[in-house]
Amino acid sequence: MTANGDGSVSVLLGAGANGFAAVRNYSGGSGRDAAAAVVLADFNRDGKLDIAAGGSHVSILRGSGDGTFSAVEILDAGPGANGLDAGDFNGDGWLDVATANPGGGTASVLLNDRSWPVTSPPSISIGDAAAVREGNTGAINATFTVNLSFASAVDVTVRYNTASLTATAGSDYAAASGTITIPAGQTKGTFTVAVLGDRLAEATETFAVNLNSATNATVADGQGIGTILDDEPRLGINSVSKSEGNGKTTTFTFTVRLSAAYDQAVTVNYATANGTATAGGDYESKSGTLTFAPGETSKTVTIVVKCDKLKESDETFYVDLFGASGNSLLGVARGVGTIFNDD
């Protein structure tokens, strides 16, 4: 892009390895003097670069985004302007123009009055909500943010509707729909969806919010995801490895833990199972139910292992957890007992 002595502006579009395409000339205004400086900027916030050319006046050519520009718009500046810059001088989010005027020893600032028409509307998108823990009762809000690619000169509206994924409307979250308005000059808005608390042990669940029927904007990214984290405790059991010893018996003590203290009783069943070790010969089978009182996080299960003087390979048996109460969820459900032979 060049400023020319006859007041015109020339644009040479890049053609890759072939250099540049044929020059395109644009008038800087009839009867005006040379264009002393040019600057590229998006003055009407449509996402496309415009040209401002300076001389004794300022010429604005609005870009169409395909390498062509509109007819010139003339703005008066100070005498002998031959320097030009763009910036948001009044902090309103719109680029203005400033010129240096050596002919009068002054500077001119032309504030953008936002009157230039936007050639295409902004795009609108929705982000995912931050993950929320559901709680045991009541509701907690998941907040979604809707963003515009740039501020519009008019209000923008868009409808939203929730949709179930792995979460279910009515039990995991409250179905919601409505219209959000982003006022002229602003770029974002928010709305909330209620996540419902319960005491059911569940995996992490998700639901969607879909945008549709936008006015004064186009929908670019129309789906946001809400993630519900379950806060009921998880149960797990460790593994134990020991030598069988040369006495009559030895004991293997397994620890069953809750991931967090809970305000209700939590129960889980357990039972031994053969691996390469055999119940009755190598260990004594055992089963039962563990009850964690409110606030408790740890219980133990002790299994009796029978000792012998036989030379044999290391052997294994299992302690399995099952049938957890509905306010808890099984994590590591199998503990492995490894009997080291020491003969």
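Author: Tyr 173 counts as buried because its relative accessibility is 1%, where buried means under 20% relative accessible area, exposed over 50% and partly exposed in between, computed with a 1.4 Å probe on protein chains only. The model is predicted, so local features need pLDDT of at least 70 and side-chain atom pairs count only at pLDDT 80 or more, while totals for chains, interfaces and linings use all residues. Residues are numbered from 1 along each chain as its sequence is written, and side-chain values use heavy atoms, with hydrogens and water left out.

The aromatic pairs come next. Rings of Phe, Tyr and Trp (its six-membered ring) pair if their centres lie within 6.5 Å; planes under 30 degrees apart count as stacked, over 60 as edge-to-face and the rest as tilted. By this rule there are seven aromatic pairs. In one of them, the rings of Phe 144 and Phe 191 have planes at 15 degrees and centres 5.7 Å apart, so this pair is stacked. Phe 144 belongs to strand S13 and Phe 191 to strand S16, and the pair links distant parts of the chain, 47 residues apart; strands (E, at least two residues) and helices (H or I, at least four) are DSSP runs numbered from the N terminus. Phe 144 and Phe 191 are both buried.

The rings of Tyr 173 and Phe 207 are likewise stacked, because their centres are 4.5 Å apart and their planes stand at 15 degrees. Tyr 173 sits in the loop between strand S14 (156-164) and strand S15 (177-182), whereas Phe 207 is in strand S17, so the pair ties together parts that are 34 residues apart in sequence. Phe 207, at 0% relative accessibility, counts as buried. Ring pairs link Tyr 173 and Phe 207 with Phe 144, Tyr 160 and Phe 191 into a cluster.

Strand S17 (residues 205-215) also holds Glu 205. Glu 205 is buried yet has no salt bridge, and the nearest side chain of opposite charge, that of Arg 234, is 9.2 Å away. A salt bridge here is a side-chain nitrogen of Lys or Arg within 4 Å of a carboxyl oxygen of Asp or Glu; Lys and Arg count as positive and Asp and Glu as negative, with His and the chain ends not counted. Leaving aside residues up to four places away in sequence, Glu 205 touches Thr 166, Ala 167, Asp 172, Gly 226, Thr 227 and Ile 228, contact being heavy atoms within 4.5 Å.

The strands that carry Phe 144 and Phe 191 belong to an open sheet of four strands, in the order S16-S13-S11-S18 with mixed pairing. Its edge strands, S16 (188-196) and S18 (218-221), each pair on one side only. Two strands pair if DSSP finds at least two bridges between them. Strand S13 (residues 139-148) and S16 pair in the antiparallel sense over nine bridges, and Asn 141 stands opposite Ala 194 in S16.

Strand S20 (residues 234-237) and strand S22 (residues 249-258) pair in the antiparallel sense over three bridges, with Leu 235 opposite Leu 258 in S22. S22 also pairs with strand S25 (residues 298-306), in the antiparallel sense over nine bridges, and Val 256 has Lys 299 in S25 as its bridge partner.
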